[in-house]
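Subject: Structure for you to look at

Hello,

Here is the structure I promised to pass on. Please open it beside this email and follow along.

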Amino acid sequence: MSAWFLGLHPEREVLTASYAAEFASDKVGGPARDFFLRHGPRFFGVALDPANSARHRWKTSAGGGMTTVGVQQGVAGRGADLAIIDDPYASVEEAMSRKHRDKAWEWYQGEFVTRCSPGAPVIHIMSRWNVDDHMARAIEQAKEAKDRYLVLDFPALAICKECGSYGIEAVNECGHGLRDELGRLPGEALWPEVWPREFLLKQRIRPARFSEALFRAGRGRTRARSSSASGSATTRSRTIAFICSMPWARLCRAIRATSAGFL
Ligand SMILES: [Zn+2]
């Protein structure tokens, strides 16, 4: 997404944060840079600046670029026309710690979000381990500020929008037959080629608080329910997204279908 954004707006800045600087650099900044290096000239007519090509800080030939940092790291002097928080917690232990959640949230509000230019979208990507996690707080804040926001919620097994069933015994066992944004019937797996339905169902034997992140994406227990919604237009526009791993083409289709007008 960062490479695509910079291809369209090569003079702008992307700022991405993950729980650790190394993770952000290796898993986010590096792949985005490599994608831009390979496809930027052909797709967008813009190249990577060879003098600024580190994974954690790379630039386009038009002067914009991408910076990746770890949560708690200083971001003074960095700009953000697109800001992304990708997994702010390193572990379940961190997600369960009120102290850690407060600390990460304080950093986000005091440091990270202050780097955003007016109207810059902020994207949050994470697994829902706790009802009072970063995502819940971000959604709550967006509601209070009357920001425009959008939730993309892709649980491992599709959940029926009518009754909440995720097809334990059989796909569409509730009979409602409602498909989600990806066209899945209740109980169908998100990425069956890698994580088949049968495998995912076996994961349910784990304690509920762990399987819930996979299967229910915080539904029913979180203060800010995961559902698609948008508030009234305000001075700041923000996008909030919850995205699980899935094939790129399928993810693009889902984003295109649900987030028109946000980016
Ligand atoms: Zn149903």
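The expected span of a helix is 1.5 Å times one less than its number of residues. Helices (H or I, at least four residues) and strands (E, at least two) are DSSP runs, numbered from the N terminus. This is a predicted model: local features need pLDDT of at least 70, side-chain atom pairs count only at pLDDT 80 or more, and totals for chains, interfaces and linings use all residues. Residues are numbered from 1 along each chain as its sequence is written.

Start with H5, residues 134-145. Its 12 residues reach 16 Å from first C-alpha to last, close to the expected 16 Å.

Where does H2 bend? The bend is at Arg38, by about 45 degrees (the angle between axes fitted to the seven residues ending there and the seven starting there). A proline, Pro41, follows within four residues. After H2 comes Gly45, with a positive phi near 70 degrees.

Both helices have buried residues. Buried means 20 or more other C-beta atoms within 10 Å of the residue's own; exposed means 12 or fewer, and partly exposed is in between, with C-beta atoms placed from the backbone. In H2 the buried residues include Ala24, Val28, Ala32 and Phe36. Their cover includes helix H1 (2-8) and strands E1 (13-18), E2 (48-54), E3 (57-60), E4 (65-70) and E5 (82-86). In H5, His134, Met135, Ala136, Ala138, Ile139 and Ala142 are buried. Their cover includes E5, helix H4 (98-112) and strand E6 (122-125). Contact here means C-beta atoms, placed from the backbone, within 7 Å.

Strands

Two strands pair if DSSP finds at least two bridges between them. E1 and E4 pair in the parallel sense over 6 bridges. Ser18 has Gly70 of E4 as its bridge partner. E4 is largely enclosed by the rest of the structure, because 5 of its 6 residues are buried.

E3 and E4 are antiparallel, over 3 bridges. Arg57 stands opposite Thr67 in E4. The hairpin of E3 and E4 has 4 residues between the strands. Gly63 in that turn has a positive phi of about 100 degrees.

E2 and E3 also pair in the antiparallel sense, over 3 bridges. Ser53 is bridged to Trp58 in E3. The hairpin from E2 to E3 runs through 2 residues.

The core

A nonpolar core is a set of buried Ala, Val, Leu, Ile, Met, Phe, Trp, Tyr and Cys residues joined through C-beta atoms within 7 Å. The largest one has 52 residues. Val14, Leu82, Ala83 and Ile139 touch the most other members. H1, E1, H2, E4, E5, H4, E6 and H5 each supply at least two residues of this core. H5 gives the largest share, 5 residues. The core lies between domain 1 (2-153 + 221-258) and domain 2 (157-216), because both give residues to it. Those bounds come from an automatic or database domain assignment.

A loop residue

Is Leu182 buried or partly exposed? Leu182 counts as partly exposed, because it has 16 C-beta neighbours inside 10 Å. Leu182 lies in the loop between H5 and helix H6 (197-202). Phe154 is 28 residues from Leu182 in sequence, but the two are 8.5 Å apart in space, C-alpha to C-alpha.

Best wishes

How values were computed. Two residues are in contact if their C-beta atoms, placed from the backbone, lie within 7 Å.
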